[in-house]
Amino acid sequence: MIDFAALQYYVYENRVFDSKRHGLSHWRQVEFNGLMLATSTGADITVVRLFALFHDCKREDDGYDGEHGERGAAFAKKCFEDGLLDITQEQFDKLYHACFFHTKEHRADDVTIDTCYDADRLDLGRVGFKLNPEKMATAAGAKIARKSLQANVDVYKMREWLKSL
């Protein structure tokens, strides 16, 4: 069993950049979003929670950093190889793919990976973007995005709105 609090501390201590936009509060929101989505999608919750920790942990800045997903995936691989992630090879493969491609791929046609993608996308309000149902990888993510548009949710209040669902 994974001690997520200890792992979060380890990942946080090994981050590259102390990001305000892509840091710990974002990681926690992505975890919340992913767990919420998983109730509808049936995604592997362990992979979703790990994705929240690793997907942005190796960003070098808050601007465009096109290789951060690859670096996050590589760090997850090191943690897996070092025995810090008590997961199967199949779970790791999904985690690696989700981290590596989360900014490059719209959909992977795997419910767990797609849930990871949408968990991240549902937090785009923090950087001023409205949710776009067409850019979501899951039906559950698209439904939430449509609801946010219908409710005309202020993008900077998206986190609070999501917690009210």
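The following legends describe close-up views of a predicted model.

**View 1. The largest nonpolar core of the model has 44 residues.** The residues with the most contacts inside this core are Leu-7, Leu-50, Phe-54, Leu-85, Ile-87, Leu-95 and Leu-122. At least two core residues are supplied by each of the helices α1, α2, α3 (45-54), α4 (68-81), α5 (89-101), α6, α7 and α8. Helix α3 gives the largest share of the core, with seven residues. In soluble globular proteins, nonpolar side chains tend to be buried together.

**View 2. Phe-54 is shown with the residues that it touches.** Phe-54 is among the residues with the most contacts inside the largest nonpolar core. When residues up to four places away in sequence are not counted, Phe-54 touches Leu-7, Val-11, Gly-72, Phe-75, Ala-76, Cys-79, Leu-85, Leu-95 and Cys-99. Two of these partners, Leu-7 and Leu-85, are likewise listed among the residues with the most contacts in the core.

**View 3. Cys-57 and Cys-116 are shown with Cys-99, whose sulfur is the nearest cysteine sulfur to that of Cys-57 and to that of Cys-116.** The structure holds zero disulfides. For Cys-57, the sulfur of Cys-99 is 7.3 Å away, and Cys-57 is in no disulfide. For Cys-116, the sulfur of Cys-99 is 7.4 Å away, and Cys-116 is in no disulfide either. A disulfide would require a pair of cysteine sulfur atoms within 2.5 Å. Cys-57 is buried, with a relative accessible area of 1%, and Cys-116 is buried at 0% relative accessibility.

**View 4. Helix α6 (111-121) is mostly covered.** Ten of the eleven residues of α6 are buried. These are Thr-112, Ile-113, Asp-114, Thr-115, Cys-116, Tyr-117, Asp-118, Ala-119, Asp-120 and Arg-121. The buried residues of α6 pack against α2, α3, α5 and α7. At the start of α6, a side-chain oxygen of Asp-110 reaches to within 3.0 Å of the backbone nitrogen of Thr-112. In the loop between α5 and α6 lies Asp-109. Asp-109 is exposed, with a relative accessible area of 67%. The phi of Asp-109 is near 60°, a positive value in a residue other than glycine.

**View 5. Asp-123 lies in the loop between α6 and α7.** At 2% relative accessibility, Asp-123 is buried, because buried means under 20% relative accessible area. A polar contact of 2.8 Å joins the side chain of Asp-123 to that of Arg-159. Apart from residues up to four places away in sequence, Asp-123 touches His-26, Gln-29, Asn-33 and Arg-159.

**View 6. Helix α7 comprises twelve residues, 139-150.** At 1.5 Å a residue, α7 should span 16 Å, and its end C-alpha atoms are 16 Å apart, which agrees. The buried residues of α7 are Ala-140, Gly-141, Ala-142, Ile-144, Ala-145 and Ser-148. An α-helix has 3.6 residues a turn, so residues three or four places apart point the same way. The cover over the buried residues of α7 includes α2, α6 and α8 (158-164).

**View 7. Asn-152 follows helix α7.** The place of Asn-152 is in the loop between α7 and α8. Asn-152 is exposed, with a relative accessible area of 57%. The phi of Asn-152 is near 50°, a positive value in a residue other than glycine.

**View 8. Ser-19 lies in the loop between α1 (4-13) and α2 (24-41).** Ser-19 is buried, with a relative accessible area of 10%. Along the chain, Ser-19 and Asp-61 are 42 residues apart, and their C-alpha atoms are separated by 6.8 Å.

**View 9. Gly-66 is found in the loop between α3 and α4.** Gly-66 is buried, with a relative accessible area of 11%. The C-alpha atom of Gly-66 is separated by 27 Å from that of Phe-4, which is 62 residues away along the chain.

Conventions: Residues are numbered from 1 along each chain as its sequence is written. This is a predicted model: local features need pLDDT of at least 70, side-chain atom pairs count only at pLDDT 80 or more; totals for chains, interfaces and linings use all residues. Side-chain values use heavy atoms; hydrogens and water are left out. Helices (H or I, at least four residues) and strands (E, at least two) are DSSP runs, numbered from the N terminus. Buried means under 20% relative accessible area, exposed over 50%, partly exposed in between (1.4 Å probe, protein chains only). The expected span of a helix is 1.5 Å times one less than its number of residues. Contact means heavy atoms within 4.5 Å. A nonpolar core is a set of buried Ala, Val, Leu, Ile, Met, Phe, Trp, Tyr and Cys residues joined through side-chain atoms within 4.5 Å. A polar contact is a pair of N or O atoms within 3.5 Å; within protein, one must be able to donate a hydrogen and the other to accept it, and residues adjacent in sequence count only if both atoms are side-chain atoms.
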